[in-house]
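Subject: Structure handover

Hi there,

Here is the model I promised to pass on to you. Could you open it alongside this message?

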Amino acid sequence: MKQLLLTTAVAACIGLSTNAVAHQDGHDSNMSFSSDSCNLEFNNTLSITPDTVNIKAASGEVVIDQDGNLQINGEAQSLSAADQTLLARYSSDVRGQVPQVAEIAMEGVALAGVALSEVGNAFGLKNMDTMEQMMSEIGNEIHAAFYDGGTFIMDQGRFDNIGDTFDSKFDQQMEQAMEEMIMESIGSLLITLGSEMLSSGGDMSEFEQRMERMGEQIEEKVELQAKNIEQRADQMCFDFKDLAMQEDELQARIPALANYDVFKVETKKSSI
C-alpha cells in the first residue's frame with residue numbers, strides 16, 4: 001500500500017510536467033505539446049538568447065533581435081517600421097513565454113519531491129536521500145536538456161533526451177530506490193502501521209479507511225500546487241496559439257519567413 005501510494009503521488013506530479021512538455025507526433029521532424037484545452041505542433045529548431053530569437057529550418061536560419069531587426073541566412077532584411085514593430089513584439093513574446101516549458105516541467109518534478117516527502121513523513125520512513133537525489137538529478141537533466149549555457153533550445157533531439165530521462169530515471173530506478181528505502185525503514189514502517197492498527201482497534205476495515213484518509217490528506221496537500229501547474233500549462237498553450245497567429249501575420253507580410261514557422265496550434269474540440 002505504501003509503495004502504491006508513493007508511486008502514484010510521484011507519477012501524478014511528474015505526469016503534469018511531461019504532458020505539458022512534449023511528445024513526438026509521428027512525423028520525423030515535428031513535436032507536439034498538449035494540455036486539456038489545446039494541442040500545439042512545434043516545427044524546426046528554436047534557440048533563444050536574452051537578445052535574439054533564432055529559427056533553424058532546412059532552408060536556413062532566421063535571426064530576430066529584440067529591436068525587430070531581421071537576418072535571413074546572415075543577410076539583413078529591409079523592413080518597414082510596421083513590420084519591425086511586429087517582429088520586435090514576436091521576439092519579446094517568444095523570449096518571455098517559450099522558456100516556461102522548462103519551468104513547468106521542473107515545477108512538476110519539484111512537486112513530485114514534495115509528494116515524496118509527505119509520504120515519507122506519513123509513514124516515518126528514513127533515509128530518503130536516494131529518492132531526493134534522484135528527483136534532483138531529473139530536474140537537473142531537464143534543465144540541461146533545454147539550456148546550453150544561457151541559450152534556451154527546443155529541438156527534436158533534446159525532447160528525445162527528456163523522454164529518455166524519464167524512462168531511465170523513473171521507470172528503471174524508482175522501484176529500486178523505493179525498495180532500498182523500505183528495507184532501511186522497515187522498523188519504523190512496522191511501528192507506524194502497528195500504531196495505526198491499534199488505533200483502529202484491530203478492525204481491518206477501519207484500518208483501511210485510516211490509510212485511505214491518510215492518502216487523501218497527502219493528496220490535498222499537493223493538489224492545489226498540481227492544479228496551478230495544470231493551469232499554467234493551459235495558459236502556456238494559449239500563449240503559444242497567439243505566437244502561431246503572430247507567425248501567420250508575419251509570414252503574410254514578409255513572404256521570406258514562410259519556411260520558418262515554429263508554432264501551429266489547434267484548440268481541442270470538447271466532446272459531448
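Below is what turned up, beginning with the sheet and ending with the aromatic rings.

First, some housekeeping: the model is predicted, so to speak of local features a pLDDT of at least 70 is needed, side-chain atom pairs count only at pLDDT 80 or more, and totals for chains, interfaces and linings use all residues. Residue numbers start from 1 along each chain as its sequence is written, and side-chain values rest on heavy atoms, with hydrogens and water left out.

The sheet is open and has seven strands, ordered S8-S7-S6-S5-S4-S10-S9 with antiparallel pairing. Strands here are DSSP E runs of at least two residues and helices are H or I runs of at least four, numbered from the N terminus; two strands pair if DSSP finds at least two bridges between them. At the edges are S8 (75–76) and S9 (147–148), each of which pairs on one side only.

Strand S4 (residues 45–48) has two partners to look at. Four bridges join S4 to S5 in the antiparallel sense, and the two form a hairpin with three residues between them. Within that pairing, Leu 46 has Ile 55 of S5 as its bridge partner.

Helix H2 (residues 81–97) lies across S4, S5 (52–57), S6 (60–65) and S7 (70–72), at about 90° to S5 (axes are lines fitted to C-alpha atoms, for helices over the stretch in contact, with angles from 0 to 180 degrees between N-to-C directions).

Asp 83 sits in H2 and counts as buried because its relative accessibility is 11% (buried is under 20% relative accessible area, exposed over 50%, partly exposed in between, with a 1.4 Å probe and protein chains only). Leaving aside residues up to four places away in sequence, Asp 83 touches Leu 250, Arg 253 and Ile 254 (contact means heavy atoms within 4.5 Å).

Finally, the whole structure holds four aromatic pairs. Phe 146 and Phe 152 make a stacked one, 5.4 Å centre to centre with 5° between the planes (rings of Phe, Tyr and Trp, the last by its six-membered ring, pair if their centres lie within 6.5 Å; planes under 30 degrees apart are stacked, over 60 edge-to-face, the rest tilted). Both Phe 146 and Phe 152 are buried. Ring pairs also link Phe 42, Phe 240 and Phe 263 into a cluster.

Best wishes
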